[in-house]
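Biologist: I am new to this one. Please show it to me, and then let me ask how you know what you say.

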There are 2 protein chains.
Amino acid sequence: MEMWLKEEQIESAAMTYKVKETLVRRKTDFQDLAILDTEAFGRMLVLDGIVQTTINDEYVYHEMISHIPLFTHPNPKKVLVVGGGDGGAIREVLKHPSVEKAVLCEIDGVVVEECKKHLPEISCALEDPRCEVFIGDGIKYVHEHKNEFDVIIVDSTDPFGAAEGLFGGSFYKEIYECLTEEGIFIAQTETPFYLPEVVKSVFSDAKAVFPVTKLFMAAIPTYPSGYWSFTVGSKKHDPENADLSKTIDISTKYYTKKLHKACFSLPKYVEDLIK
Amino acid sequence: MEMWLKEEQIESAAMTYKVKETLVRRKTDFQDLAILDTEAFGRMLVLDGIVQTTINDEYVYHEMISHIPLFTHPNPKKVLVVGGGDGGAIREVLKHPSVEKAVLCEIDGVVVEECKKHLPEISCALEDPRCEVFIGDGIKYVHEHKNEFDVIIVDSTDPFGAAEGLFGGSFYKEIYECLTEEGIFIAQTETPFYLPEVVKSVFSDAKAVFPVTKLFMAAIPTYPSGYWSFTVGSKKHDPENADLSKTIDISTKYYTKKLHKACFSLPKYVEDLIK
């Protein structure tokens, strides 16, 4: 028997992956969770039929969503990750020795539990003493913590259903309040190729709240179109022109200091969206 | 009845596209040619089952393979495109007013004929008086023309089967001879995510021939992994540090002057391949 996962990227185009084994399949209180072992990308986390992260390409997303804001902030001590229950962003955040505390606020405890069991390469740092895992609603958590985090990373699923509230102006205002004086916020913000309107409206919402707002792109093979946007909102420091001369060297597979600056140079069709 | 094209990107992962209509399906002397009308990407050219170009994302490939070398050369007058029978590269090349002659050397006349009929948005410039279409073997053509072209663009299919001879050191030596004094060569060189060894060996072959060799990346949704490499070999001018201050403005959807420089900043895993 041959098993293939089929993920519709848009209604009329799909990626399919040959599945060696279904390691987990559970209905949680929030979503349909699966961890599959695939031939092409190794083990992957799939939520509501959408590939979230895979052993073979997770480094792109987790490095870029973490190191861009953490190397932009001059001294990030306290970091909040909203979502990101697989632990990949936390793993990258904790590569920065300035970080004293990294809080993971994930609404679905089952994601954390199963990723700890089946994706240890990604979730490994959740056991680090500097990491605190809080299972609960990110919107409520952000609302209840003012002026507390130097960097907030919104590592959410797509802006439909459960994660809808994590996109848009009212949440970004709460994020702003939750950040310290030189605070920086980053979120994954979908693909401009298939969802130009989402990228446009999310960027515009962030721009209305933050003095500095920038968008960068990264190449993630298992995400629709292979090309993904991230939006950075910052109170003071410009991520594109960050002073990286004194930053430490960390071990990465995608991020480099040169790419940190270059990834903000956008294709014309993306530039036009956020004008 | 629902028709879907399935393209295996590697053995165990595939992209599938819903097909509205098969406009052409022909066995040529060289390959199995199809032009399909798809819902997600519009009309697409498919050779031996591999998507070559589509109405909805062709601009990325054609702009980047053309404008990077043409804006790097201070005064490109004569340009050769090897392969590229769809005419997309020629269309972009002829946006440069300095170009007096653009030769398309395509081995398969049927590709040119069918693209003229079914993909006019891409093939339109093949009728330009500055364009000469030559149906024949690119390797032979390059061998027979010495010191003649300012820019040579190798817009080939993958390095297996018919196009195999268009990759590698012995062809690059012929290309070098075919170029004028300040000549620049560019080729599409596959995806470093799925085919790291190909990228590595092609780059190393080009580096052995050209004083300046650089690799850049572009995000092409219908190509495997969505992330594609191009290798530039140049006799004198460095494409990454090209003087773009006096270049004209042309109408593009992907290329920008800022991106021209930034696209040479590579992810760590790609940088490591060409060290």
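Modeller: Start with a definition: a salt bridge is a side-chain nitrogen of Lys or Arg within 4 Å of a carboxyl oxygen of Asp or Glu. Keep in mind that this is a predicted model.

Biologist: What makes Glu240(A) and Lys258(B) a salt bridge?

Modeller: The closest N and O atoms of Glu240(A) and Lys258(B) are 2.7 Å apart. The cut-off is 4 Å, so the pair qualifies.

Biologist: How many salt bridges does the rule find across the interface of chain B and chain A?

Modeller: The rule finds 2 salt bridges there. It also finds 12 residue pairs in polar contact across that interface.

Biologist: Which elements of chain B give two or more residues to the side that touches chain A?

Modeller: They are β1 (3-10), β2 (13-27), α8 (257-262) and α9 (268-273) of chain B. The largest share, 6 residues, comes from β2(B). By kind, the residues on that side of chain B divide into 22 nonpolar, 9 polar and 11 charged.

Biologist: Why are β2 of chain A and β2(B) called paired strands?

Modeller: Pairing needs at least two bridges between the strands. Here 5 bridges join strand β2 (residues 13-27) of chain A to β2(B), so the two strands pair. They run antiparallel. Take Ala13(A): its bridge partner in β2(B) is Tyr17(B).

Biologist: How many residues does each chain bring to the contact, and what area is buried?

Modeller: Chain B gives 42 residues and chain A gives 42 residues. The area buried between the chains is about 3,100 Å², and carbon and sulfur atoms give 63% of that area. Ser12(B), Phe193(B) and Lys258(B) supply 17% of the area that chain B buries against chain A, more than any other three residues. Lys258(B) is also the salt-bridge partner of Glu240(A).

Biologist: How do you know that the copies meet through the same surface?

Modeller: Compare the interface residues. Of those in chain B, 100% are also interface residues in chain A, so the same surface is used by the copies.

Biologist: What rotation superposes chain B on chain A?

Modeller: A rotation of 180 degrees does, with 0.0 Å of shift along its axis and an RMSD of 0.0 Å. The two copies are therefore related as by a two-fold rotation axis.

Biologist: What makes Asp48(B) and Glu190(B) worth a look?

Modeller: Asp48(B) is not a glycine, yet its phi is positive, about 50 degrees. Asp48(B) sits in the loop between β4 (42-47) and β5 (50-54) of chain B. Glu190(B) is not a glycine either, and has a positive phi of about 70 degrees. Glu190(B) lies in the loop between β10 (179-188) and α7 (196-207) of chain B.

How values were computed:
Residues are numbered from 1 along each chain as its sequence is written. Chains are lettered from A and ligands numbered from 1 in the order in which they are written. This is a predicted model: local features need pLDDT of at least 70, side-chain atom pairs count only at pLDDT 80 or more; totals for chains, interfaces and linings use all residues. Side-chain values use heavy atoms; hydrogens and water are left out. Copies are superposed by least squares on the C-alpha atoms of residues with pLDDT of at least 70 in both. Contact means heavy atoms within 4.5 Å. Buried area is the accessible area (1.4 Å probe) that two parts lose on being put together, summed over both. A polar contact is a pair of N or O atoms within 3.5 Å; within protein, one must be able to donate a hydrogen and the other to accept it, and residues adjacent in sequence count only if both atoms are side-chain atoms. Helices (H or I, at least four residues) and strands (E, at least two) are DSSP runs, numbered from the N terminus. Ala, Val, Leu, Ile, Met, Phe, Trp, Tyr, Cys and Pro count as nonpolar, Asp, Glu, Lys and Arg as charged, and the others, Gly among them, as polar.
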